[in-house]
Number of protein chains: 2
Amino acid sequence: MKIFHTIREVRDHIGEQKREGRTVGFVPTMGFLHKGHLSLVARAKQECDLVVMSIFVNPLQFGPNEDYERYPRDLDRDARLAREAGVDVLFAPPVEEMYPRPSYTYVEVEGLTQSLCGESRPGHFRGVATVVTKLFHIVQPQKAYFGQKDAQQVRVIEQMVEDLNMPVEIVACPIVREPDGLALSSRNVYLSPEERKQALSLYASIREVEKAFAEGERNAARLIQMSVDRIKAEPLAEIDYVRIVNRRTLTDVETIHEPALFALAVRFGKTRLIDNTLLQP
Amino acid sequence: MKIFHTIREVRDHIGEQKREGRTVGFVPTMGFLHKGHLSLVARAKQECDLVVMSIFVNPLQFGPNEDYERYPRDLDRDARLAREAGVDVLFAPPVEEMYPRPSYTYVEVEGLTQSLCGESRPGHFRGVATVVTKLFHIVQPQKAYFGQKDAQQVRVIEQMVEDLNMPVEIVACPIVREPDGLALSSRNVYLSPEERKQALSLYASIREVEKAFAEGERNAARLIQMSVDRIKAEPLAEIDYVRIVNRRTLTDVETIHEPALFALAVRFGKTRLIDNTLLQP
């Protein structure tokens with residue numbers, strides 16, 4: 001596995017590989033890798049000749065009161081995991097390489113970024129869309145892999161790629177969970193043992209909603225209430241949102257006639273967790 | 001010369017050419033070609049193997065009260081001129097091909113787009129940055145050619161390319177003028193004979209400013225006043241702006257110590273003309 005820290009080096013290397021006819025699969029990450037990230041690598045390896053992973057904690061997608069500074073970082077560990085998973089090229093630029101000067105330019109995906117996580121994280125998706133655009137221009141992959149855990153992020157990036165005619169295919173991969181159901185996230189390390197235990201209520205509530213949905217419940221308000229009740233049973237849980245939205249537009253639905261996204265965000269202390277499932281009638 | 005109207009066709013063709021090792025130069029236009037456009041083609045032909053021109057009157061960069069509907073169009077004439085100039089690929093998509101659905105995504109270049117033309121044309125540069133991004137993703141050129149007549153546009157696109165790490169080099173080409181000095185523009189056809197005559201005041205005032213500058217005048221206010229006086233001598237001229245700005249930031253300068261852009265926009269009836277020159281101490 002080759003490791004590069006500069007845009008010029010990674011571009012030159014990938015350019016050579018592409019000229020030799022290799023297809024490029026790209027897994028953008030913020031590092032502190034877990035099995036969710038590695039499942040994206042596994043999928044990319046199945047579909048592409050060269051797998052490129054980026055590790056970059058992007059300041060632009062963090063709000064002023066968010067966890068940019070304390071976001072977990074461990075490049076040595078990440079490099080080992082990436083190598084073992086079969087990553088061919090690891091691109092780990094310092095902040096000054098990605099933002100050498102104050103940036104004037106932003107990619108805005110309107111409409112999709114106001115609701116759900118956009119409400120409590122203003123500017124977050126602008127930061128995501130902008131850095132993903134930059135990374136796509138640097139790596140120029142044929143395919144890029146994202147985890148469905150960040151469902152709104154996937155939807156925003158899909159729309160951006162479509163609207164801006166980006167020559168890349170977005171592949172969304174299923175959520176990977178701990179054996180007890182907690183969705184994998186680099187932020188899980190923040191949780192105290194007690195928070196970790198209570199955080200299981202997210203997936204527990206998702207399974208209850210899936211069960212009621214399978215049994216015919218189509219009323220969004222009732223499904224949401226079911227989930228809210230389950231999560232509120234945990235004293236440390238503070239709900240940010242529990243919503244059922246149209247899969248494409250991310251606007252609230254009342255009755256589920258089409259595939260809908262059931263999505264939730266819950267805080268435990270300083271840690272904000274998200275999870276979701278697709279409800280397909 | 002090949003003419004394509006769909007993204008898929010033009011992509012396939014250019015992709016083939018690139019795989020055979022050819023470099024691609026791109027000249028994006030709104031058509032109704034004049035010698036300014038053709039000078040970009042000539043430069044592209046010197047520097048690239050394959051010259052691609054797009055002709056697309058982009059609705060996104062026109063304000064609600066602007067001239068989108070009446071903007072001059074003549075694809076047959078344009079195709080003939082492009083072929084004669086040596087264009088290899090002409091991409092002329094209909095609006096539905098570029099915007100098949102309502103678009104959620106915009107590229108915003110902040111700071112540079114508020115002043116000068118941005119003041120009287122809100123949203124204009126957002127439309128330009130967005131469509132140029134789309135076209136770059138479709139054509140994927142190594143170099144792209146723009147006329148320095150639209151100096152702010154060139155600056156906005158240069159900044160966008162830098163900020164978003166777009167893998168393309170922007171080449172700005174000199175203003176091309178009529179023998180009497182009027183800068184070439186597709187909009188010149190709107191001018192009545194009398195307006196056309198009075199419009200010569202733009203370049204006349206630019207030459208006066210250049211002369212005073214060459215003789216040592218460095219005070220921006222005095223140079224601007226000189227130009228304003230000259231243009232106001234024409235009864236049909238309505239000045240939108242006459243400004244001297246920092247070449248990179250496009251913010252007003254008081255005293256010219258560094259290369260500065262002297263830029264003006266003047267209306268004659270419904271027709272808005274722009275012109276500029278670089279003042280290099």
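This is a predicted model: local features need pLDDT of at least 70, side-chain atom pairs count only at pLDDT 80 or more; totals for chains, interfaces and linings use all residues.
Start with helix 9 of chain A, residues 200-214. It has 15 residues and reaches 21 Å from its first C-alpha to its last, close to the 21 Å expected at 1.5 Å a residue.

Which residues of helix 9 of chain A are buried? They are Ser201(A), Leu202(A), Ser205(A), Ile206(A), Val209(A), Ala212(A) and Phe213(A). These cover an arc of only 140° around the axis, so they sit on the same side of helix 9. The general rule: an α-helix has 3.6 residues a turn, so residues three or four places apart point the same way.

Now the face turned away from that buried side. Here helix 9 of chain A carries the exposed residues Arg207(A), Lys211(A) and Ala214(A). And what covers the buried residues? The cover includes helix 8, helix 10, strand 9 and strand 10 of chain A. Just after helix 9, Gly216(A) takes a positive phi of about 115°.

Over to chain B, and strand 3, residues 50-55. Six of its six residues are buried. On one side are Leu50(B), Val52(B) and Ser54(B); on the other, Val51(B), Met53(B) and Ile55(B). In a regular strand the side chains alternate between the two faces of the sheet.

Next, the neighbours. Strand 2 of chain B runs parallel to strand 3, joined by six bridges. Gly25(B) has Val51(B) as its bridge partner. The chain crosses from strand 2 through helix 2 to strand 3 of chain B, in a right-handed β-α-β crossover.

Strand 4 of chain B is also parallel to strand 3, with three bridges. There, Met53(B) stands opposite Leu90(B). Strand 3, helix 3 and strand 4 of chain B make a right-handed β-α-β unit.

Key:
Residues are numbered from 1 along each chain as its sequence is written. Chains are lettered from A and ligands numbered from 1 in the order in which they are written. Side-chain values use heavy atoms; hydrogens and water are left out. Helices (H or I, at least four residues) and strands (E, at least two) are DSSP runs, numbered from the N terminus. The expected span of a helix is 1.5 Å times one less than its number of residues. Buried means under 20% relative accessible area, exposed over 50%, partly exposed in between (1.4 Å probe, protein chains only). The arc is that of the directions from the helix axis to the C-beta atoms. Contact means heavy atoms within 4.5 Å. Two strands pair if DSSP finds at least two bridges between them. A crossover is right-handed if, with the strands pointing away from the viewer, the path from the first strand over the helix to the second runs clockwise.
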